[in-house]
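Dear colleague,

I am passing the structure below on to you, and my notes on its aromatic residues and one of its helices follow it.

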Amino acid sequence: MLRVVAHATAGDDDDDGELDSTRKRSLIVLGTSSGGPCALAIRNRILSETSSLPNHIFLGTIICSSDCPYSHPHCPQAVTSEDTKDLNGRSIQQYVQDESLKRFRRNSKHGFVTDYLLERTDWGFDLAAPSHVSCDDRANHRCNRVHMYVGGEDDYKSIRLGAQFLRELIGDDARLQILEEEDHFYASRKPQLLAKLLATMTSPR
């Protein structure tokens, strides 16, 4: 799941219900599971473009139980070994074909195939923020922050094992929190919890 969350900044309500064009809008990029890499790619693009969001204040990025770059040359063996367990000797292509035919993937098989294969190739962008961008550069509405969350024992093991590696690749801009009571699907199935996670971006780091 990938979402770009935008809302008007604090201020007086407009009488006619329309947003004043002079008011800035806060922007948060949120990615869960396979949406995590997508959210990080959008973050990289936003931080790389010095004037891409003239009417927005970019507050940061949230990733929930995100996949890590499994094909990265420094990806820990424990992560790659766990990730390949389901192959059972099959090639990645054969595994993806078999999985895409399962009935519960009927309405999402193309998305599954795309996500699975892209996650296991070179992501094509740096996970660390561009060096010329500062989280305190409010004049250009930039914020490097990445809030990372992962579930407890009921989350996928490859996700849990890869979380620390992903945090290290992002660098000091990332903070990682383990939600011990949650499984893999908390962000998509628990709107109240998701609202709390989004609220963390509006408070100081």
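Rings of Phe, Tyr and Trp (its six-membered ring) are taken as a pair if their centres lie within 6.5 Å, with planes under 30 degrees apart called stacked, over 60 edge-to-face and the rest tilted. By this rule there are 4 aromatic pairs. One of them, Tyr95 with Tyr116, is tilted, at 5.2 Å centre to centre and 45 degrees between the planes, and this pair links distant parts of the chain, since Tyr95 belongs to helix H3 and Tyr116 to helix H4, 21 residues apart.

Please bear in mind that this is a predicted model, in which local features need pLDDT of at least 70 and side-chain atom pairs count only at pLDDT 80 or more, while totals for chains, interfaces and linings use all residues. Residues are numbered from 1 along each chain as its sequence is written, and side-chain values use heavy atoms, with hydrogens and water left out.

Helices are DSSP runs (H or I, at least four residues), numbered from the N terminus. The buried residues of H4 (residues 109-119) are Phe112, Tyr116 and Glu119, where buried means under 20% relative accessible area and exposed over 50%, with a 1.4 Å probe and protein chains only. Seen down the axis of H4, these residues fall within an arc of 75 degrees, so they line one face of the helix, the arc being that of the directions from the helix axis to the C-beta atoms. The face turned away from that buried side carries the exposed residues His110 and Leu118.

Finally, Tyr95, Phe112 and Tyr116 form one aromatic cluster.

Best regards

How values were computed:
Helices (H or I, at least four residues) and strands (E, at least two) are DSSP runs, numbered from the N terminus.
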